[in-house]
Amino acid sequence: STCQKAGCIGTAANSVLSQRIYEIPLKPEYAATKTDVSCRGEVGVALNGVAIYSRYYDEGNGCTDFFASEFTSLDKCGGTSTSLGSYKYHILPTCLLDQFDYKNDSHSPQVGWALDGFPIYGNIGPGGQEMRPCGTEGFNTSICLDECNGYEAAIPDLDGFKYRYYMPGIKGDGECASKITDPNFNEYTCARGQFNDPCCIN
């Protein structure tokens, strides 16, 4: 399918209607040992029912880096499809954040639930701080993400959790563009741009 400013168009061959049932713990607990989910793919579900994937995933061909293989095929909402046609997010869900009328100037709203039961928020954390992994360029030494893109702290005005995940990166503006920028500020030409359909997330 292709995306235009008015929305998405496509055929049944481009997408599938599917039903997923998620079992998410009501009261999440810290795991005794860390589990590497870097190549697992699906790690959560957005509030609109769309699967949230990690950067790396395996659809039967070995571990694949999303930024190396699919990044240029994102639509204006920050989503793309699996090889089987199911819609998914790897980056900030721009259109979902826009439904909250979110302007990127305060703590991000919750966008989903991780499969382990902890909430998932957008890219902005406490005090309006852009959430970045600890040790990366531009990170805040007192408020930064662990190796799982999580942040441990009680934020009573936000939720009742002591741990939560964030989706770091730049929130798109939902407009079509012929080039896109990844979370490390590298610029790519949209895959569809070569077919006179320069629409991917901006």
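The protein exposes about 11,400 Å², of which carbon and sulfur atoms supply 51%; accessible areas come from the Shrake-Rupley method with a 1.4 Å probe, and for residues only the protein chains shown count as cover. The model is predicted, so local features need pLDDT of at least 70 and side-chain atom pairs count only at pLDDT 80 or more, while totals for chains, interfaces and linings use all residues. Residues are numbered from 1 along each chain as its sequence is written, and side-chain values use heavy atoms, with hydrogens and water left out.

Of the 202 residues, 41% are buried (under 20% relative accessible area; exposed is over 50%, partly exposed in between; 1.4 Å probe, protein chains only). The secondary structure comprises two helices and 14 strands (DSSP runs, H or I of at least four residues and E of at least two, numbered from the N terminus).

Three disulfides are counted (cysteine sulfur atoms within 2.5 Å). In the pair C39 and C63, the sulfur atoms are 2.3 Å apart. C39 is partly exposed at 25% relative accessibility, as is C63 at 48%.

C77 and C95 are joined with an S to S distance of 2.0 Å; this link is left-handed, with -75 degrees about the S-S bond. C77 is in the loop between α1 (66–69) and β7 (79–81), and C95 is in helix α2 (residues 94–99). C77 is buried at 15%, whereas C95 is partly exposed at 22%.
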